[in-house]
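Thanks for asking me to look this over with you. Please open the model beside this note and follow along point by point.

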Amino acid sequence: MKITPYKTMALLVFLILIHALVLAAGFVSPYDPIQQDRDRPYAPPMTIHFVDAAGKFHIRPFVYLQRVRESSFDQYQDDLTTRIPLRFFPKGASYRLLGVIPATRHLFGSQDGIVNLLGTDGYGRDLFSRILYGGQVSLLAGLLATFVSLFIGVLIGGASGYFGGWVDSIAMRLAELCLALPWLYLLFGVRAFLPLLVSPLKAFLTIVVVIGALGWSRPARLVRGVALSAKERDFVRAARGFGASHSYLLRRHVLPQTKSVILTQVAILIPQYVLAEVTLSFLGLGIPEPAPSWGNLLSSLQQYSVLSSYWWMYLPALAMVPFFFGYLSLSSSLQDRPCTAKIDL
Amino acid sequence: MRYLARRFLHALLLFAAATVVTFLFTALAPGNYFDEMRLNPQISPQTLTALKAHYDLDKPLVVRYLVWLESLVRGEMGYSFAYNSPVAPLLLLRARNTLLLTITSTLLAWCIALPLGVWSAEYSTQWGDRLVTGVSAILLVIPDIALALGLLMIAVHTRWFPVGGMVSVGSEALSFAARSWDLARHMFLPATLLVLTAQPILVRHIRSSVAEALEQSFVRAAEAHGIPRRRLLWRYALPAAANPLISLFGFSLGALLSGSLLIEVVTSWPGLGPFLLEAILARDLYVVIGGVLLSTLFLVTGNFIADVLLFWADPRIQTE
């Protein structure tokens, strides 16, 4: 398995594309993720048709209207006589594109009826929209937590490698301690001592900070290794000889050399932290309803009835796979690339 | 020997520091187990104060820590509010279930991964190796939680094996053989999940270290002397590749208690994971601390065992 720069580029493009899809969730998804429809709990996914029951071909794709079966509340049947043609770029629920630009146009939808491509959950909320919006929450949590982790890691690791001495010993003992504690248990433990019932935004920030702050030790150790060898290189020594200050040396000469290590860590940490958020939310310790996240979308599967009767509630788990594929392949292709700075651990 | 003594001291200090850190985290906690009782009009404020005093919650942190240390020495690890009993017996009961599951699955995982890894390093560039690396890549990309829920769903739909719990209702009345069979059937799902999630990482590490060892000149020299391939692989390359694998094995040992949390919860295996989760939601302070520290103890011990094994396996460390 040779990994070429060409392949790395292809992976990057793939990652950017799927992130753009999630970023533009408001536009791509036809409905608001928290809009309920009490008449349609657990509606199954719809199939897009071109040919109707009479065998007639239609250029405009359509779905059939789902009617609740007699004497049932969650069993649906396609009404083959009523077509719901899909419209492209219709007006719908208002949203903010990228969180700022107010808009009402969606990629697709219909004025003639409800289109739940991937079905609905127990409150009749559109699963397709919830998966996209949930991706925003989970991925942002992963990204921000990675940022927090790397910020602390680079700060401590850089200082520890550059200054050495007692700063180094204290920082590295602390890092060892953090690595010795079981990560997921620690995450749970820390989460246990924070308030359980908080607003979604507060819960989101709490999770980001907790996940990020607990994961600093690995990047710190790596950055320390690079800084340790970087400060002994000739041009850094020369700059120090000319009287450059510590902050200048760190900023201009030492930290830039850690760039490749940090990039690799980004690709490794993001999926790990997204998974941490998903796990926490799945277990009810993370982002609370009604805000969607991949984790709390899956949490309904803890009920046996959902697991046995509504298979489409499993779809959010599959939505994660392309992202993990992208990040993991990217990290392995970055690790294969010859590093500019020699890393010693 | 001095090396081992130093590693042991190191592990001991690490564990001691972990107890302090975990206790410090609890000091950050807003509220405690009895806060929700305040809303209950049937419980008077006096009772609450008395309860808090009884459990030492009104004392400063240092005192609480010392009291807890004392109870650790007595083998109690503090007192559970919700169960109204010492923590250690509660934890040990759950830890036993967890270990039953994880020791089985770790053994299985290594027994499968070792031949697979060595074999795929030997035949790298052939279709067998491509198959192994391909399957591990796919397993690596599917998040644990997706794999767990997916298999659970298959189990529920096909009814091939039981979902949830450790024993069937009324299994106490069965014979020993039937009870073991019942247990094995219940363990099948969580154990499969643990083996599958561990597999790609183990295979990758084993494959890359064996492949690296095979490239070395002494292996080639041995090959030139006409030593059979099988002997070359298992007697020459594998010991040379052993060091990172021993560290990895130590890590596997260390993760025995903490590695299966999610899968235990998903498949409702009555182990430490669901117990800890319940304690977190109930704010049962000492159970949480006990759970975290018990699994820390395992991690630290696992690393120490890896150090001992390395010392035993690698003469270079002994002479250092």
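1. A word on ground rules. This is a predicted model, in which local features need pLDDT of at least 70 and side-chain atom pairs count only at pLDDT 80 or more, while totals for chains, interfaces and linings use all residues. Residues are numbered from 1 along each chain as its sequence is written, and chains are lettered from A and ligands numbered from 1 in the order in which they are written.

2. Start with chain B, which has 14 helices and two strands (DSSP runs numbered from the N terminus: H or I of at least four residues for helices, E of at least two for strands). Its C-alpha atoms fill a box of roughly 85 × 55 × 40 Å along the principal axes. Of its 320 residues, 35% count as buried (20 or more other C-beta atoms within 10 Å of the residue's own, with C-beta atoms placed from the backbone).

3. Now see where the chains meet: 37 residues of chain B are in contact with 34 residues of chain A (contact is C-beta atoms, placed from the backbone, within 7 Å). Helices of chain B that each supply at least two residues to this side include α1 (2–27), α6 (144–158) and α13 (285–313). The chain B side divides into 28 nonpolar, eight polar and one charged (Ala, Val, Leu, Ile, Met, Phe, Trp, Tyr, Cys and Pro are nonpolar; Asp, Glu, Lys and Arg are charged; the others, Gly among them, are polar).

4. Next, the largest nonpolar core has 148 residues, and among those touching the most other members are A:L187, A:I207 and B:I145 (a core is a set of buried Ala, Val, Leu, Ile, Met, Phe, Trp, Tyr and Cys residues joined through C-beta atoms within 7 Å). Its largest share, 14 residues, comes from α3(A). Setting aside neighbours within four places in sequence, B:I145 has contacts including A:V278, A:F282 and B:L262.

5. Finally, how do α3 (residues 127–163) and α4 (residues 165–180) of chain A cross? Their axes come within 7 Å and cross at roughly 140° (axes are lines fitted to C-alpha atoms, for helices over the stretch in contact, with angles from 0 to 180 degrees between N-to-C directions). Residues making the contact include A:I156 and A:F163 of α3(A) and A:V167 and A:M172 of α4(A).

Definitions and conventions
Contact = placed C-beta atoms within 7 Å. Buried ≥ 20, exposed ≤ 12 C-beta atoms within 10 Å, placed from the backbone.
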